[in-house]
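Colleague: I am new to this structure and would like to learn how to read its features step by step. Could you take me through them slowly?

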Amino acid sequence: MRHKRAPKRTIAPDLRYQSTEVAKFINYLMGGGKKNTATRVFYSAFDRIAKAGQDPLHVFDEAIKNTGPTLEVRSKRVGGANYQIPFPVRSERRFFLAAHWIIDAAKGRKGAPMGIKLADELVQAAKGEGAAVKKRQDVYRMAEANKAFAHFAR
């Protein structure tokens with residue numbers, strides 16, 4: 001490594017809920033530097049959850065917890081063959097993967113504004129259903145299937 005490692009930046013909490021996780025999720029949701037649009041979409045999703053009579057922060061935390069993986073597979077080349085080796089997932093990466101899977105699942109839905117799609121996906125993920133939770137189960141199943149190659153990990 002030629003350069004020193006970049007310092008870990010701290011993210012200011014969001015204005016409405018004073019949560020750094022919410023601010024980080026909004027940043028992941030943002031596309032093309034349009035943070036106002038991402039914030040509007042996220043808060044409209046939270047307002048929709050609140051209108052349904054649920055606490056939006058609790059639903060958000062449950063959705064992240066239910067979607068974040070504990071194991072993932074990484075490719076490693078050993079002796080001319082590529083093996084999928086299971087690795088435990090760090091907490092920062094767990095949040096990153098959970099947030100991206102929820103956002104991708106919401107974007108994959110059809111026929112509604114993004115705020116509605118995101119709210120529906122968050123509620124389903126909090127219940128342990130939906131495309132993001134299915135993605136987590138697929139990743140875990142892949143890691144379990146390749147447990148025999150765990151000895152190739154350093």
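Modeller: Let us start with accessibility, where a residue is called buried under 20% relative accessible area, exposed over 50%, and partly exposed in between. Please keep in mind throughout that this is a predicted model.

Colleague: Which class does E62 fall into, and which does K65?

Modeller: E62 has a relative accessibility of 23%, so E62 counts as partly exposed, whereas K65, with a relative accessible area of 54%, is exposed. The side chains of these two residues meet in a salt bridge, at 3.4 Å from N to O, and E62 and K65 lie three residues apart in helix 3 (residues 56–67), which separates them by about one helical turn.

Colleague: Where do D138 and R141 sit along helix 6?

Modeller: They are three residues apart in helix 6 (residues 131–145), and about one helical turn separates them.

Colleague: Which residues are linked with E72 in a network of salt bridges?

Modeller: The network links E72 with R74 and R93, and within it the side chains of E72 and R74 meet at 3.6 Å, N to O. Here E72 is buried, with a relative accessible area of 8%, but R74 is partly exposed at 38%.

Colleague: How many bridges join strand 1 to strand 2?

Modeller: Eight bridges join strand 1 (residues 71–78) to strand 2 (residues 81–88), and the two strands run antiparallel. They form a hairpin with two residues between them, and G79 in the turn has a positive phi of about 60°.

Key: Residues numbered from 1 in each chain as written. Predicted model: local features only at pLDDT ≥ 70, side-chain atom pairs only at ≥ 80, totals over all residues. Heavy atoms only, no water. Pairing = 2+ DSSP bridges. Helix = DSSP H or I, 4+ residues; strand = E, 2+ residues; numbered from the N terminus. Salt bridge = Lys/Arg side-chain N within 4 Å of Asp/Glu carboxyl O. Buried < 20%, exposed > 50% of the residue type's maximum accessible area, 1.4 Å probe, protein only.
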